[in-house]
Amino acid sequence: MKWKRLIDINNNDITRGALLKFKSEYPFEENVVMMFCEIPNELGKFGLIAITGSKSGVNPYFIFSDDVVDENKIRDWLIDNWYNFSLNDNIEQVFFRECLRYYEI
């Protein structure tokens with residue numbers, strides 16, 4: 001599976017295990033990959049967790065509100081709120097791919 005620009009995918013492409021890759025800055029490294037994940041408590045249903053760098057695996061970076069998840073509008077929300085959500089303002093350079101498969105490692 002190849003990386004695609006986030007702005008070119010559909011909302012329903014985003015599932016647990018899918019990845020986002022983008023340039024960042026402190027407290028992350030220059031480049032970061034985050035994974036969409038389920039949240040196993042009452043804070044919410046779905047979020048993003050860093051899987052690269054010094055922040056990998058440290059609690060979800062972001063938890064989406066239930067209405068965004070229930071209405072399957074995560075992609076739209078990310079595009080509309082990228083500047084406030086991210087440490088980078090270039091939504092054109094945010095990449096998406098489906099979850100990593102074992103044989104790809």
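Author: Ile105 lies in the segment after β6 (95-97), strands being DSSP runs of E with at least two residues and helices runs of H or I with at least four, numbered from the N terminus. This is a predicted model, in which local features need pLDDT of at least 70, side-chain atom pairs count only at pLDDT 80 or more, and totals for chains, interfaces and linings use all residues. Residues are numbered from 1 along each chain as its sequence is written, and side-chain values use heavy atoms, without hydrogens and water.

Reader: Why does Ile105 count as exposed?

Author: Its relative accessibility is 79%. Exposed means over 50%, buried under 20% and partly exposed in between (1.4 Å probe, protein chains only), so Ile105 counts as exposed.

Reader: What makes β2 and β3 a pair?

Author: Two strands pair if DSSP finds at least two bridges between them. β2 (residues 19-23) and β3 (residues 31-41) have 5 bridges in the antiparallel sense; Lys23 has Asn31 in β3 as its bridge partner. β2 also pairs with β6, antiparallel, over 3 bridges, and there the bridge partner of Lys21 is Phe95.

Reader: Why are β1 and β5 placed at the edges of the sheet?

Author: The open antiparallel sheet has 6 strands in the order β1-β6-β2-β3-β4-β5. β1 (4-5) and β5 (62-63) each have a single partner strand, so one side of each lacks a neighbour in the sheet.

Reader: Which strands does helix α2 touch?

Author: Helix α2 (residues 74-85) packs on the sheet and touches β2, β3, β4 (44-50) and β5, contact meaning heavy atoms within 4.5 Å.

Methods. Axes are lines fitted to C-alpha atoms, for helices over the stretch in contact, and angles run from 0 to 180 degrees between N-to-C directions.
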